[in-house]
Protein chains: 2
Amino acid sequence: MMNYCFGIDIGGTTVKIGLISADGEIITRWEIPTRKGSDPAGLLQDVKNALETCMAEKQIMREDILGIGMTAPGPVTADGVLQNAVNIGWGAVKLAEEAERILGISPVSIGNDARVAALGEAAFGAGKGANSMLMVTLGTGVGGGVVLNGKILMGESGVAGEIGHMTIDPYETETCGCGKKGCLEQYASATGMVRAAERFLQEKDTESVLRNLKQVTAKDLWDTAKAGDRLANEITDFVCDRLGSAIANAIYLVDTEMIVIGGGVSGAGQFLLDKIKKAYQGKVFAHSRNKKFALAELGNDAGIMGAAVLVLSKVE
Amino acid sequence: MMNYCFGIDIGGTTVKIGLISADGEIITRWEIPTRKGSDPAGLLQDVKNALETCMAEKQIMREDILGIGMTAPGPVTADGVLQNAVNIGWGAVKLAEEAERILGISPVSIGNDARVAALGEAAFGAGKGANSMLMVTLGTGVGGGVVLNGKILMGESGVAGEIGHMTIDPYETETCGCGKKGCLEQYASATGMVRAAERFLQEKDTESVLRNLKQVTAKDLWDTAKAGDRLANEITDFVCDRLGSAIANAIYLVDTEMIVIGGGVSGAGQFLLDKIKKAYQGKVFAHSRNKKFALAELGNDAGIMGAAVLVLSKVE
């Protein structure tokens, strides 16, 4: 008899599903479209069909499945309630309970998507072997997660690790998607970087390749900075100063062994990592300066791998 | 046979010592002057004499002592090394090892003073019964500690909980004692509050009782605000806005069940607590707004009580 688990990563567009062995190897992975609705019943029905097809194909019995780990696209409280999932349309829902009922497999363990991805990186990716890790995900938004001794810090109200909504600038006049002003996300998300670029382009006279572009993207900004463009470097320095400050603030709270940078924007690679690290080092006590910084390694698999860890860490 | 431990709280002026029973009751407490020097040997010799006198008086044998908990006035790494203690004059020292050798009692467990005080409050004070707690100490400086499931979060480089050096204002021009600019401590320590008061008094024309004082102290500021003085309320609102923002940032990272405010300035009581809570609520997601805020309860005993927990939590 072999033991398996399913890792399920619910995103706004697709649901990623992985069949994962007890030693953390992905046997097979696939995606289905995310069915939106006012509750998760329809989406879970689609997942159920997908799991059954997979189990039939691989000749896996129900009793070979140790459990299901699932990411939830919103804050999850310590007692397993998803507070809301604005991208998909759900309100507060007992997602783990609901999934156990519809899928007919238990246990189902859930966790916030950014936190679960951090757990995946900690167990199988860039953080492998580290005692503790802070993950910062730079994408459409800025997400994060704190892993201490191999466990995600979940928090009481489901916000632990939400570094993106740390207030970084008390004088900001524009409003963040969350309703507050001066959140890290307003500077360090892909959208925030574009906003910073537009502001610098308007306020400064410096020549720049960026001025030839109709619409600057975060990728353009980093590519141009890497190519040596002065203004693009000023803009990315500004963005990394905000990021370095937020990471330093986070380290003053949780003081992890390492910091892992993930998300789409982390495609800018070592160049980005070096800038963030340099900014961070200017913001902390001397003996906290030599933290290890690394780029995330699991890419799109971080969610399903982390979801698997939710199950496997309970089995061991 | 009864079991006891010693809780030792090393401060810049005095060393507080408590003989504490296994169920957390203080049997006796006393203080000795802090002997300064380039290493802790002299101070530890004084402590040894004090402990021996106490044990002789109370007819307590060496084997009745479960261990010694000790606060250290500086950052302590996960492997028990005190990084520095600027107030006393020590450099980096293996304080627990050194204490075991000189005192002839083991084990000796050490922890940063602010973190250990937080642990004391969590186990026996304002945080009793809570799963997790963030403590913020408003005194000459701003200290802090994070307690998760009854344990202090120590961190890898000894800074976990150092909320006082979170960067709150990226535009600050004056320098904090730590060498950075814009730390919470620059606004929310007793000194920081006086600085804020002086700035407001200079920049504004508003009449205020504070103008009649030769030198404004943090206590004057809070007393005057409580009495209804408009400018004093503007100043304390500003201070609490910075504090509320820092606490919100901390909650976004560690998301504890409650927040405990201690230190000398917390003598301003419920009036201060209400202002901090109100400011905090304006800075976080809706479902994190109803955190419990409380004033610290143990006062000067928090250090020795927390130090005792360092020992007792390992015995149980």
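Modeller: A residue is buried if 20 or more other C-beta atoms lie within 10 Å of its own, exposed if 12 or fewer, and partly exposed in between, the C-beta atoms being placed from the backbone. The model discussed here is predicted: local features need pLDDT of at least 70, side-chain atom pairs count only at pLDDT 80 or more, and totals for chains, interfaces and linings use all residues. Residues are numbered from 1 along each chain as its sequence is written, while chains are lettered from A and ligands numbered from 1 in the order in which they are written.

Biologist: Is B:Phe124 buried or exposed?

Modeller: B:Phe124 is found in helix α3 (residues 113-124) of chain B. Helices (H or I, at least four residues) and strands (E, at least two) are DSSP runs, numbered from the N terminus. Within 10 Å of B:Phe124 there are 21 other C-beta atoms, so this residue counts as buried.

Biologist: Leaving aside neighbours within four places in sequence, with which residues is B:Phe124 in contact?

Modeller: Two residues are in contact if their C-beta atoms, placed from the backbone, lie within 7 Å. Beyond its neighbours within four places in sequence, B:Phe124 is in contact with B:Gly24, B:Leu298 and B:Met305.

Biologist: How far apart are the C-alpha centres of domain 1 and domain 2 of chain A?

Modeller: The domain bounds come from an automatic or database domain assignment. Chain A is divided into domain 1 (4-119 + 300-315) and domain 2 (129-297). The distance between their C-alpha centres is 28 Å.

Biologist: Which element gives the most residues to the side of domain 1 of chain A that touches domain 2 of chain A?

Modeller: The contact takes 14 residues from domain 1 of chain A and 17 residues from domain 2 of chain A. On the domain 1 side, β5 (108-112), α3 (113-124) and α9 (302-315) of chain A each supply at least two residues. The greatest contribution to that side, 5 residues, is made by α3(A).

Biologist: Which helix provides the largest share of the side of chain A that touches chain B?

Modeller: This contact takes 38 residues from chain A and 38 residues from chain B. The chain A side divides into 18 nonpolar, 13 polar and 7 charged residues; Ala, Val, Leu, Ile, Met, Phe, Trp, Tyr, Cys and Pro count as nonpolar, Asp, Glu, Lys and Arg as charged, and the others, Gly among them, as polar. Its largest share, 8 residues, is provided by helix α7 (residues 230-254) of chain A.

Biologist: Within what arc do the buried residues of α2(A) fall?

Modeller: In helix α2 (residues 95-103) of chain A, the buried residues are A:Leu95, A:Ala96, A:Ala99 and A:Leu103. The elements that cover them include α1 (41-57), β4 (65-72) and β5 of chain A. The arc is that of the directions from the helix axis to the C-beta atoms. Seen down the axis of α2(A), the buried residues line one face of the helix because they fall within an arc of 95°.

Biologist: How many bridges join β6(A) to β7(A)?

Modeller: Strand β7 (residues 142-148) of chain A pairs with β8(A) in the antiparallel sense over 2 bridges. On its way from β6(A) to β7(A), the chain passes through a hairpin of 3 residues. Strand β6 (residues 132-138) of chain A and β7(A) run antiparallel, and the number of bridges joining them is 7.

Biologist: How many of the residues of β7(A) are buried?

Modeller: Both faces of β7(A) are covered. One side holds A:Val142, A:Gly144, A:Val146 and A:Leu148, and the other A:Gly143, A:Gly145 and A:Val147. The count of buried residues in β7(A) is 7 of 7.

Biologist: What separates the C-alpha atoms of A:Ala85 and A:Ala99?

Modeller: A:Ala85 is found in the loop between β4 and α2 of chain A. It counts as buried because it has 21 C-beta neighbours inside 10 Å. A:Ala85 and A:Ala99 are 14 residues apart along the chain, and the separation of their C-alpha atoms is 15 Å.

Methods: Two strands pair if DSSP finds at least two bridges between them.
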